[in-house]
Amino acid sequence: MGDSANTPEHPGELVTREELALAARNHGMPLELLRHPVTPIGAHYLLTHFDVPFIDPVSWRLTVGGQVARPLVLDLDDVRDRPAVTRRVTLECAGNGRARLTPRRLSQPWLWEAVGTGEWTGTPLRGVLAEAGLDDAALEVVFTGADRGVQDGIAHAYERSLRTDDALADEVLLVYALNGQPLPPQHGAPLRLLVPGWYGMASVKWLERITAVDAPFEGYQQAHAYRYRSDADPRGVPLSRIAPRALMVPPGVPEFWSRRRLLPAGTHVLEGRAWSGWGPITSVTVSADGGRSWRSAAVEERPGPAAWHRWTASWEAGEPGDYELCCRAEDAAGNIQPLQPPWNPDGYAVNDVHRVAVSVTPTP
């Protein structure tokens, strides 16, 4: 799930006490685990807005109502008895990269790592909505989670909506398992929504209510948070699909404090993953000089329409010295990663090229 922030801007790089508290609750995926085609559950990025609710799966119920002909009340067995599908899906937080902006919005201080790819198992949402019988007047479908709290002085449950046509898309699932195991509490057990290709804020966790409505939903997490704002458009537009991104497995070994990479001179295979919510990745390019020159990497087919691609490239590190390795993705819709982070006041969709500082040492 993504995060939101409507708190003051911070002018420098130091992390505040409040951000440290958020970072202790939430975590990103160590980039060396990009080698795994499916992210281990414990390493998948995690963002929890309020508290992880304690839910008894036996007494839990999902209610489906609003602008429907036949309101439903489903228990977990009712959901599991429906047609099941498993899809490999890459999720990314909308705030990934926020901590690298100056100034930045005070919130969860993500750098690069707010991403993960899971094998998600569930049943298509459209089957449940078909059984309930959506009214022709239904404009949006609202998803309510069991997590509740206060943000900007507003008490609310975490709720998001999708337009009806988006909610009825084949790929949208009601999920109860991850990587072949029951969905863990921190990832939304006993049931969560999964909206492949969209930033994580759309995939509501701890789902307890689905409501079809005949007017735009104006809840806090929809109308105030998760909007891409600019000085020209302070209200902004809602975030939806994931912008293209390539990340690199950090080569060599790290220096503990700076995380600068150390590796000997010679030929090295660079590798990583790339993805986009707007379609397949058509190219990944790499640079060893901070983005002044680029060459193509080999990009493998993705294992599903919402999963990441693996990419590889050979790098001849001939001369000892300091280098800045970069990788850059372009998708089928023509979207390409910018060289510099695209600043916006909330720090959303920051998808500039990944940069890795490397020191090459003489060959032993």
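Val 150 has Ala 155 in strand S8 as its bridge partner. This pairing belongs to a predicted model, in which strand S7 (residues 140–151) and S8 run antiparallel to each other and are joined over nine bridges.

**The five-stranded sheet**

S7 and S8 are part of an open sheet of five strands, arranged in the order S3-S2-S12-S7-S8 with mixed pairing. Strand S3 (72–74) and strand S8 (154–163) form the edges; each has a single partner strand, so one side of each has no neighbour in the sheet. On average, and with direction ignored, neighbouring strands of this sheet are turned by 25° against each other. Helix H3 (residues 125–132) packs on the sheet, where it touches strand S2 (62–66), S3, S7 and strand S12 (207–213). The direction of H3 makes about 135° with that of S3.

**Nonpolar cores**

The largest nonpolar core comprises 52 residues, of which Leu 62, Leu 125, Phe 143, Leu 174, Met 201 and Ile 210 touch the most other members. At least two residues of this core come from each of S2, S3, helix H2 (76–80), H3, S7, S8, strand S9 (173–178) and S12. H3 supplies the largest share, with four residues.

Which residues does Phe 143 touch, not counting residues up to four places away in sequence? Its contacts include Leu 125, Leu 162, Ala 167, Leu 193, Val 204, Leu 207 and Ile 210. Also among them are Tyr 158, Glu 159, Arg 160, Ser 161 and Arg 209.

**The four-stranded sheet**

Another open sheet consists of four strands in the order S15-S18-S22-S21, with antiparallel pairing. Strand S15 (245–248) and S21 stand at its edges, and each has a single partner strand, so one side of each is without a neighbour in the sheet. S18 and S22 pair in the antiparallel sense over nine bridges. Within this part of the model, Gly 272 has Trp 311 in S22 as its bridge partner.

**Aromatic pairs and charges over rings**

Four aromatic pairs are found in a search of the whole structure. Two of them are set out below.

| Pair | Distance between ring centres | Angle between planes | Class |
|---|---|---|---|
| Tyr 226 and Tyr 348 | 5.5 Å | 25° | stacked |
| Trp 275 and Trp 308 | 5.9 Å | 55° | tilted |

Tyr 226 lies in the loop between helix H5 (220–223) and strand S13 (227–228), and Tyr 348 in the loop between strand S23 (321–331) and strand S24 (354–361); the pair therefore ties together parts that are 122 residues apart in sequence. Are these two residues buried or exposed? Tyr 226 is buried, with a relative accessible area of 0%, and Tyr 348 is buried, with a relative accessible area of 0%.

Trp 275 is in strand S18 (residues 266–275), whereas Trp 308 is in the loop between strand S21 (298–299) and strand S22 (309–317), so this pair ties together parts that are 33 residues apart in sequence. Trp 275 and Trp 308 are buried.

Arginine side chains also lie over tryptophan rings. The charged end of Arg 100 sits over the ring of Trp 112, 3.6 Å from its centre. Arg 328 lies over the face of Trp 294, at 5.8 Å from the ring centre.

Methods. Residues numbered from 1 in each chain as written. Predicted model: local features only at pLDDT ≥ 70, side-chain atom pairs only at ≥ 80, totals over all residues. Heavy atoms only, no water. Phe/Tyr/Trp six-rings, centres within 6.5 Å; stacked < 30°, edge-to-face > 60°. Buried < 20%, exposed > 50% of the residue type's maximum accessible area, 1.4 Å probe, protein only. Lys NZ or Arg CZ within 6 Å of the ring centre and 35° of its normal. Pairing = 2+ DSSP bridges. Axes fitted to C-alpha atoms, helices over the stretch in contact; angles between N-to-C directions. Contact = heavy atoms within 4.5 Å. Core = buried A, V, L, I, M, F, W, Y, C linked by side-chain atoms within 4.5 Å.
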